[in-house]
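Q: Please take a close look at one residue and its surroundings, then place it in its chain.

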Amino acid sequence: MNLTTFEPDDLDALHGLLNRSELFGRRGIRDDEGPLARPAVNKLLDEWTQPTSGVSALFAGNELVGYGKVDTGWDPLTPEVHVVVHPDRWGHGYGSQLLTSLLALVFTTTPALSVHSWLTDWNTEGLAFAEAAGFTRAGRLRRVAIRNSRYVDAIPVDLTRAEWEVRHAS
Amino acid sequence: MPLEGTLVRLREERAEDIPLLTALRNDLDTQAWSKTLPPDFTEPMLRKRFEAREFSYDPLEGRFIVERLDTGEAVGYIGYSHLERRLGVSIGVMISKAAWGKGFAEEANDLLLRFLFHELGLRVVWLWTHSGNPRAIRLAEKVGFQVAARFRDAIFKDGRMLENVVMDQTREEFYARHPDLVDGLPSLNPGL
């Protein structure tokens, strides 16, 4: 596993990854539902290759298998984190390795006292993944979107520095 | 439909409101987020934002001045932002401390909610506050919101770590509180 920055020539790989339908609604980007045209992905890549983007690419060999985001835009005390893994690579520990790396980065190199993330209520795999990593459900925001003829609720999750330190020490 | 109750009306921002908006912005009690510090906003800064606002048929935010009906005095601000058209929006309110405790904020919230549900046809409204502001939480509950989420160790204010508190109110909850109003917008999902 190699956690690194995105490069401009990752466009094809990122375009392919983001257009996997299994990831729609899980990508941690604005307008998260539906496919993305190459110019839209290129625009994202432009953002994600900036030094302050907080986005890391995860490679296995030469294959892009996922990415992670740390967003301190709201408040560096409580960054938002997001992890995305290629559907073909689910269940092989890539997400856990990626999240472990991001949390270590956040809690050992920034003043963050907690991290949080947002998942949709239908994303049971994502919720299970977050809880297995030590995150706690912070509540439920109703009706953040509509999908399959029903309202989607958002499930925010958080993890405090103290909780991370306990897990990290064990 | 004027946005008018028995105590206050919600009207558009005007250039003469800029001193009030600057004072609200620079008051640590009416400005909730440390992200907006330091409290040294100037009137030219807010005038620039005021003058940069362009006419649009598709506005994703609304900003209103809360004006007392009896004296015509501007006592605060209320507005919404990040509108998801026909779905949801977040709201925020700031009232001058001298005008606290007189029911202005409650009525301003109610007027805005009526506009958002009854005119914009939204399905849900959210608001953000923090655990160090029980007054705001009580007010929100009074006008129909409930706590949706609490993020721990998420806000630093007044020397304390606080929870970031998100509250929400659905369309059905709003109309249940207002039996005088008829909801003519069909439900999207009667089973829920």
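A: Ser90(B) has a relative accessible area of 16% and is therefore buried (buried means under 20% relative accessible area, exposed over 50%, partly exposed in between, with a 1.4 Å probe and protein chains only). This is a predicted model, in which local features need pLDDT of at least 70, side-chain atom pairs count only at pLDDT 80 or more, and totals for chains, interfaces and linings use all residues. Residues are numbered from 1 along each chain as its sequence is written, chains are lettered from A and ligands numbered from 1 in the order in which they are written, and side-chain values use heavy atoms, with hydrogens and water left out.

Ser90(B) belongs to strand 4 of chain B, residues 88–95 (helices, H or I with at least four residues, and strands, E with at least two, are DSSP runs numbered from the N terminus). Leaving aside residues up to four places away in sequence, Ser90(B) touches Gly79(B), Tyr80(B), Ser81(B), Trp126(B) and Trp128(B), where contact means heavy atoms within 4.5 Å.

Of its 192 residues, 45% are buried. Among contacts in chain B with a separation of 6 or more, 62% join residues 24 or more positions apart. The C-alpha trace of chain B spans about 50 × 40 × 30 Å along its principal axes.
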